[in-house]
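Work through the exercises below with the sequence and the 3D view open. Try each task before reading its solution.

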Amino acid sequence: LKPHDGVFNLKGSRISAEPSTSISVELYAQGLQEPRSTFDVGIRNCKRGEILTQSRECHLCGSDISDHSDPLENATVDYSLNIYDETCTPCPDNAYCWGGDNIGPK
């Protein structure tokens, strides 16, 4: 990652850390008056529709669905409505689940 006119473009970069934490990021560049820039990044907590996996990452329930062309035919098998869920909940027989916290009646 190189600065252009003293500016770092972080587009396309990915920062990964445990949800609900804060990390400090340092960028270094030679030839600048200030060769180092430091900033803090807050990592969001898992959202409704996601679960916290054993590897400490947020996982969107139902994210394994690959074809969204027919929403009724391609409803997923699980969902989550509680941000503290450790596993995704199986979709009830009388409902459609489209992943995350999207659930509706049949």
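## Exercise 1: Disulfide pattern

Counting bonded cysteines along the chain, the disulfides of the protein follow the pattern 1-2, 3-4, 5-6. The model is a predicted one.

Task: State how many disulfides the structure holds, and name the cysteines in each.

Solution. 
- Step 1. The structure holds three disulfides. A disulfide is a covalent bond between the sulfur atoms of two cysteines.
- Step 2. Cysteine 46 is joined to cysteine 58, with an S to S distance of 2.1 Å.
- Step 3. Cysteine 61 pairs with cysteine 88, and their sulfur atoms are 2.0 Å apart.
- Step 4. Cysteine 91 pairs with cysteine 97, and here the sulfur atoms are 2.1 Å apart.

## Exercise 2: Handedness

Task: Is the link of cysteine 46 and cysteine 58 left-handed or right-handed? Work out the handedness of the disulfide of cysteine 61 and cysteine 88, then that of cysteine 91 and cysteine 97.

Solution. 
- Step 1. For cysteine 46 and cysteine 58, the angle about the S-S bond is -100 degrees, and the link is left-handed.
- Step 2. For cysteine 61 and cysteine 88, the torsion is about -90 degrees, so this disulfide is left-handed.
- Step 3. For cysteine 91 and cysteine 97, the value is 90 degrees, and the link is right-handed.

## Exercise 3: What the links tie together

Solution. 
- Step 1. Cysteine 46 sits in the loop between strand 2 (36–42) and strand 3 (50–52), while cysteine 58 is in strand 4 (residues 58–60), so the pair ties together parts 12 residues apart in sequence.
- Step 2. Cysteine 46 has a relative accessible area of 7% and is buried. Cysteine 58, at 28%, is partly exposed.
- Step 3. Cysteine 61 is buried at 0%. Cysteine 88 is buried at 17%.

## Exercise 4: Around serine 80

Task: Is serine 80 buried or exposed? Find the side chain that makes a polar contact of 2.8 Å with the side chain of serine 80.

Solution. 
- Step 1. Serine 80 lies in the loop between strand 5 and strand 6.
- Step 2. Its relative accessible area is 0%, so serine 80 is buried.
- Step 3. The polar contact of 2.8 Å joins the side chain of serine 80 to that of aspartate 85.
- Step 4. Beyond four places in sequence, serine 80 touches residues including Cys61, Arg48 and Gly100.
- Step 5. Glycine 99 is 19 residues from serine 80 in sequence and 8.2 Å away in space, C-alpha to C-alpha.
- Step 6. Glycine 99 is in the loop between strand 7 (95–97) and strand 8 (103–105). Its contacts beyond four places in sequence are Cys61, Gly62, Thr76 and Asp78.

## Exercise 5: The nonpolar core

Task: Which six residues make up the largest nonpolar core?

Solution. 
- Step 1. In soluble globular proteins, nonpolar side chains tend to be buried together.
- Step 2. The largest nonpolar core consists of Phe8, Val25, Leu27, Ala29, Val41 and Ile43.
- Step 3. Setting aside residues up to four places away in sequence, isoleucine 43 touches Ile15, Ala17, Glu18, Pro19, Ser20 and Thr21.

Definitions and conventions. Residues are numbered from 1 along each chain as its sequence is written. This is a predicted model: local features need pLDDT of at least 70, side-chain atom pairs count only at pLDDT 80 or more; totals for chains, interfaces and linings use all residues. Side-chain values use heavy atoms; hydrogens and water are left out. A disulfide is a pair of cysteine sulfur atoms within 2.5 Å. Helices (H or I, at least four residues) and strands (E, at least two) are DSSP runs, numbered from the N terminus. Buried means under 20% relative accessible area, exposed over 50%, partly exposed in between (1.4 Å probe, protein chains only). A nonpolar core is a set of buried Ala, Val, Leu, Ile, Met, Phe, Trp, Tyr and Cys residues joined through side-chain atoms within 4.5 Å. Contact means heavy atoms within 4.5 Å. A polar contact is a pair of N or O atoms within 3.5 Å; within protein, one must be able to donate a hydrogen and the other to accept it, and residues adjacent in sequence count only if both atoms are side-chain atoms.
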